[in-house]
Amino acid sequence: MKPVIEVQKLVKVYGKRSTAFTALKNIDLTINEGESVAIVGKSGSGKSTLMHLIALLDRPTEGTIKIDGVDSTKLSSRKLNHLRNHSFGFVFQQFFMNPQDTVLENVVLPLKIAGENRRTRRRLAEKALRTVGLEERIKFKANDLSGGQKQRVCIARAIVNNPKILFADEPTGNLDSATGDKVIELLFGLNKKQGVTLIIVTHDEDLARLCDRQIRISDGKIVEDTGAKKTEKTKKKTKVTKKKATKSTTKKGAKA
Ligand SMILES: Nc1ncnc2c1ncn2[C@@H]1O[C@H](COP(=O)(O)OP(=O)(O)O)[C@@H](O)[C@H]1O
Ligand SMILES: [Mg+2]
C-alpha cells in the first residue's frame, strides 16, 4: 500500500493576534493510493480547511504535507500549481462554472491551464463527458443545464486531466437525492474502476459510509479514524485518543 498523502503536525490559524482562530490543531494523517476517504464532522469543525490544505489550495501555518513523498510546503507556488493541475481534480458543492461558456469550454479549463493543445483538449474533454454521460451536451451553454448535469460537468472537468486524487467538498450538497445518488455512483465508479483516490468532505453520514474509511473532525482535531481498509479487514473503529505518541509512531503508522 502506497501513501499518496502524508500529513504531519498540521496547524492552520486564520487571522492574527486578537482575531487569530486555530481551525486545525496538530493533524496527523496518511491517505493511501486508491482509498476512498470521508472527512466528516459538524459545520465549522474544520473539514473544508483540512481539504483545502491537503489539496494545496491554501498553505498551512505549521506542519508538512507530502504528496507522493514530496514535501509540498517546500515547493514554490509555480511548482504547487503544476502539481495541483496535473495530479488533482476538484468537485465543489457550488458548481463553480462559467455559466455563459459552453460545457466544452468549462471542461477544458484545466487542460488550457496545463498548456495542452486544442485537439488534445477536445479529445480529453469528449472522453470525460462520455464518462459522465453528457457527451451530447458538449455545445450547450453551462447555464442551460439542470443542477445534476452541472455537477456532472464539474466532475468531467475534475477528471479531464486524469487525476490521481479527486477532492470533493459536499459534492451532493445542492442536489436532490436521486441526482445526488448518480453523482455518488460516478465518483465511486472512478475510485473502483480507475483507482482514483477519493477524498470526500461531507456531513452526509450515508455518503460517508460508502467510503472505505471515515475520518471525523471535531473542533479542528481528528477524533475518530476508522483506518485504511486494506490492512484492516474487520473495519473496526479505532478511536483516536489524545496521543502524544512519539514512541509508537511506527506501530500506529503501520496500522493506519
Ligand atoms: N478564511 C477564514 N478566515 C477566518 N476563519 C475561517 C476562515 N475559513 C474558515 N474559518 C473558520 O474555521 C473554522 C472551520 O471552518 P471550515 O473548515 O470551513 O469548517 P467546515 O468545512 O467543517 O464547516 C470555522 O470556525 C470557520 O469559521
Ligand atoms: Mg465546509
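**Entry 1: strand β8 and its neighbours**

I began with the strand pairing and found that four bridges join strand β3 (residues 36–40) to β8, the two running parallel. Helices (H or I, at least four residues) and strands (E, at least two) are DSSP runs here, numbered from the N terminus, and two strands pair if DSSP finds at least two bridges between them. For Ser 36, I noted Leu 198 as the bridge partner in β8.

I then looked up strand β7 (residues 165–169), which is joined to β8 by five bridges and also runs parallel to β8. Ile 165 has Thr 197 as its bridge partner in β8. With helix α7 (residues 177–194) included, β7, α7 and β8 make a right-handed β-α-β unit. Right-handed means that, with the strands pointing away from the viewer, the path from the first strand over the helix to the second runs clockwise.

Is strand β8 buried or exposed? Five of the five residues of β8 (residues 197–201) are buried, so the strand is largely enclosed by the rest of the structure. I call a residue buried if 20 or more other C-beta atoms lie within 10 Å of its own, exposed if 12 or fewer, and partly exposed in between, with C-beta atoms placed from the backbone. Thr 197, Ile 199 and Val 201 point one way from β8, and Leu 198 and Ile 200 the other way.

Residues are numbered from 1 along each chain as its sequence is written, while chains are lettered from A and ligands numbered from 1 in the order in which they are written.

The mean pLDDT (the predictor's confidence in each residue, from 0 to 100) of the chain is 88, and 88% of its residues reach 70 or more. Over residues 231–238 the pLDDT is below 50, and this stretch has ten contacts in the model beyond near neighbours in sequence. Residues 241–256 are also below 50, with seven such contacts. A contact means two C-beta atoms, placed from the backbone, within 7 Å. Where pLDDT is low, the predicted coordinates should not be read in detail.

**Entry 2: ligand 1 and α1**

Which element gives the most to the shell around ligand 1? I found that α1 does, with three residues. Both β2 (21–32) and α1 (47–54) supply at least two. Among the residues around ligand 1 are Tyr 14, Phe 21, Gly 44, Lys 47, Ser 48 and Thr 49, each with its C-beta atom, placed from the backbone, within 6 Å of the ligand.

Seven of the eight residues of α1 are buried, so the helix is largely enclosed by the rest of the structure. Lys 47 and Met 51 are among the buried ones. Just after α1, I spotted Leu 56 with a positive phi of about 60 degrees.

**Entry 3: the open sheet**

Last, I traced four strands forming an open sheet in the order β2-β1-β4-β5, with antiparallel pairing. β2 and β5 (70–71) stand at the edges with a single partner strand each, so one side of each is left without a neighbour in the sheet. Inside it, five bridges join β1 (residues 3–14) to β4 (residues 62–67), and Val 7 has Ile 65 as its bridge partner in β4.

Methods. This is a predicted model: local features need pLDDT of at least 70, side-chain atom pairs count only at pLDDT 80 or more; totals for chains, interfaces and linings use all residues.
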